[in-house]
Amino acid sequence: MVEKKRHGRKLLVASIGVAAVSYVACGGRSTTSGAVDADAGTPPNTGGMSGTAGNVVVSNLAPPPDPCFASRLPDSTPAIIGQSAPLDLTNAEYDRTARDLLGDTSAPSKDFPPDGTATGFRADPTDTSPARVASYEKAAGDLADAAVGRLDQILPCSPAADGEDACALRFAAAFGKKAYRRPLAPSELDELNQAYQKARPIGSFASAIRAQIAATLSSPHFYRIEEGGTAATPVLLEPYALASRLSYFLYRSMPDAALFAAAEAGKLSSHDEIATQVRRMLQDPRAHDAVTDFFKEWLGLDKLSTMEKSADLIADFASVRDSMVTETTTFATSIFFGSGLTTDLLTSSSTWANADIAALYGEPFTGTGFQRFVVNGSVRAGLLTHPSILALTSGPEQSSPT
C-alpha cells in the first residue's frame with residue numbers, strides 16, 4: 001500500500017509537469033477537464049484555466065497538427081513558439097498579484113464585474129469592457145494610495161541620498177519590471193517616469209510616486225497576461241513570458257523571485273528546466289491557491305453562498321455554509337498534496353472539521369479551528385458525503401439521493 005501511494009504520488013507530480021509544459025506551450029490556458037487518476041497516470045485537470053489554446057510550432061519545424069505537440073518533443077528542443085489570445089487576469093488572479101506585488105490583501109476585485117465562466121470554470125476576460133477598465137483604474141488608485149503609506153518598504157533607493165528624480169526613475173524600472181512581469185522597454189520606462197515628472201511640481205515626492213504607481217497598475221501590461229502571436233504569425237515565447245504562464249498556472253499569481261531569476265538568466269528553454277521549476281513551485285504554499293480554486297470551481301462550491309435551506313432541515317444554514325466550503329477544499333487539497341490518489345478523495349474516512357461541521361456529523365469536537373477529523377466510516381466516506389456536496393445536490397426542503 002505504501003509503495004502504491006508513492007507510485008501514485010510520483011505519477012501525479014509527473015502529470016503536473018507534463019501539464020505545465022503543455023500549458024506554457026499551448027496558449028497559456030488549458031481547457032482540459034477531468035479528475036486526477038494517479039494510479040493510471042492521467043494528467044490532472046488544470047484548474048479550469050480556460051481560454052484559447054493555439055497552434056504551436058518549434059524552431060525549424062513546420063507547424064504540427066497537434067496544438068500541444070511541443071509538449072512531447074525531446075528536452076533538447078531549443079524554443080517554443082506559440083499563439084494565444086490576450087487574456088486579462090481573473091479577479092482572483094488580480095487580488096493575488098496585488099498581494100504578491102505590494103503586500104496588499106484588500107482584495108480589490110470584490111468591486112470588479114464578475115468573471116465569466118466556461119464549462120463551469122472561471123474564464124479569463126478576453127474582451128475588456130468599459131466597466132472592467134473603470135474598475136481597474138479605481139483599483140490602481142486605491143492600491144497606490146495604500147502603497148504610498150509604506151514607501152520606505154517599497155523604494156529600492158533613498159530619495160534624500162540618491163536624489164528624488166534618480167530614485168523615482170530607479171523605482172519605475174524595478175517596480176515596473178515586477179508589475180509587467182518583464183523588463184520595461186525604454187518607451188514604457190519613459191511613460192512611467194513622465195507620470196512622476198508631471199505630478200512632482202504640484203505635490204510632494206510621495207504623491208508623485210503615488211501617481212507613478214497608479215499609472216503602472218492602470219496599464220494593460222499589469223492586468224493582462226502577455227500576448228502571444230496569431231495563427232499566421234506565431235511568436236517566440238521569451239523566458240519572461242514562459243515564467244508568467246507557468247506562474248499563473250501553478251500560483252494563480254505573478255512569478256516569484258526564483259522564477260524571475262530563472263527568466264533573467266535565460267532559462268526555461270527546455271522541458272527539464274521547466275520541470276525543475278514545477279517541482280520547486282509545488283512546495284510553495286501559493287500552489288495551494290490554484291488547487292483550491294480548481295476544486296471550488298469544479299464542484300461549484302461558490303453556489304453555496306446564495307443557497308437557502310429549510311430551517312426544518314438544518315437550523316441557520318447560512319452560518320455554516322462557509323465552513324462547508326472550507327472543509328471540502330481543505331480535505332481535497334490535503335489529498336492532492338498528500339497521497340495524490342483519487343481513491344483517497346472518494347473513500348477516505350477522515351476529513352477536516354471545525355465545531356460547526358462536527359455538529360452536522362453529530363460527533364463531539366474539542367479545540368478550535370479546523371482539524372483532521374475521523375468520520376463514522378459506516379455512514380460516510382470521502383468527498384461525496386461532505387455536507388457541502390450533499391447540500392449542493394439536494395433541494396431546499398428535501399434530500400435528492402440521485
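This report looks at a helix pair, a neighbouring helix and some salt bridges in a predicted model.

Let's start with helix 10 (residues 239-250) and helix 12 (residues 271-281), whose axes are 11 Å apart and meet at an angle of about 35°. The crossing of helix 10 with helix 12 is right-handed. Helix 10 brings Leu-246, Ser-247 and Leu-250 to the contact, while helix 12 supplies Ile-274, Gln-277, Val-278 and Met-281. Five of these contact residues are nonpolar, two are polar and none is charged.

Next comes helix 13 (residues 287-298), with 12 residues and a reach of 17 Å from first C-alpha to last, close to the expected 16 Å. Its buried residues include Val-291, Asp-293, Phe-294 and Phe-295. Among the elements that the buried residues of helix 13 pack against are helix 2 (91-102), helix 10, helix 12 and helix 14 (321-336). Just after helix 13, Gly-300 has a positive phi of about 65°.

The model holds 20 salt bridges. Here are three of them:

| Salt bridge | N to O distance |
|---|---|
| Arg-96 and Asp-293 | 2.5 Å |
| Asp-145 and Arg-210 | 2.8 Å |
| Lys-177 and Glu-264 | 3.6 Å |

By the same measure Asp-145 is partly exposed at 43%, and Arg-210 is partly exposed at 27%. Lys-177 is partly exposed at 23%, whereas Glu-264 is exposed at 57%. Salt bridges with shared partners also join residues into one network, including Arg-96, Asp-289, Asp-293 and Glu-297.

Conventions: Residues are numbered from 1 along each chain as its sequence is written. This is a predicted model: local features need pLDDT of at least 70, side-chain atom pairs count only at pLDDT 80 or more; totals for chains, interfaces and linings use all residues. Side-chain values use heavy atoms; hydrogens and water are left out. Axes are lines fitted to C-alpha atoms, for helices over the stretch in contact, and angles run from 0 to 180 degrees between N-to-C directions. Helices (H or I, at least four residues) and strands (E, at least two) are DSSP runs, numbered from the N terminus. A crossing is left-handed if the near helix is turned anticlockwise from the far one by less than a right angle, and right-handed if clockwise. Contact means heavy atoms within 4.5 Å. Ala, Val, Leu, Ile, Met, Phe, Trp, Tyr, Cys and Pro count as nonpolar, Asp, Glu, Lys and Arg as charged, and the others, Gly among them, as polar. The expected span of a helix is 1.5 Å times one less than its number of residues. Buried means under 20% relative accessible area, exposed over 50%, partly exposed in between (1.4 Å probe, protein chains only). A salt bridge is a side-chain nitrogen of Lys or Arg within 4 Å of a carboxyl oxygen of Asp or Glu.
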